[in-house]
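Please have a look at it first.

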Amino acid sequence: MTVDHCICRNVTFKHLIELSKHLGCDIEKLQEATGAGHGCGMCVPYLHVAVQTGKSRIGLMSTAQCE
């Protein structure tokens with residue numbers, strides 16, 4: 001199973017990665033611009049990995065990995 005988007009705001013990691021490339025945004029600015037990560041917050045660790053690695057599909061992470 002993989003995670004590829006913010007469920008609460010229906011924003012794909014692919015979109016966030018492209019937006020970060022074009023705007024040079026950090027995570028906080030991406031969240032402000034799209035609302036991603038501002039619902040339940042469970043996608044936030046995945047957002048960081050997606051933007052840092054450029055991968056739009058991320059395997060499920062353990063609790064320790066999310067912290």
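What follows goes from the whole chain to its details. This is a predicted model, in which local features need pLDDT of at least 70, side-chain atom pairs count only at pLDDT 80 or more, and totals for chains, interfaces and linings use all residues. Residues are numbered from 1 along each chain as its sequence is written, and side-chain values use heavy atoms, with hydrogens and water left out.

The C-alpha atoms fill a box of roughly 30 × 25 × 20 Å along the principal axes.

Now turn to helix H2 (residues 27–34) and helix H3 (residues 44–53), which pack at an angle of about 115° with their axes 11 Å apart. Here axes are lines fitted to C-alpha atoms, for helices over the stretch in contact, and angles run from 0 to 180 degrees between N-to-C directions. Ile-27, Leu-30 and Gln-31 of H2 make the contact with Val-44, Leu-47, His-48 and Val-51 of H3, where contact means heavy atoms within 4.5 Å.

Which residues lie nearest the centre of the largest pocket? They are Val-3, Ile-7, Met-42, Cys-43 and Tyr-46, out of 14 lining residues. A pocket is an open set of points on a 1 Å grid over the protein atoms alone, where a 1.4 Å probe fits, with protein on both sides within 12 Å along at least five of seven lines; lining residues have an atom within 4 Å of a point. Strand E1 (2–3) and strand E2 (5–6) each give two or more residues to this lining.

How values were computed. Helix = DSSP H or I, 4+ residues; strand = E, 2+ residues; numbered from the N terminus.
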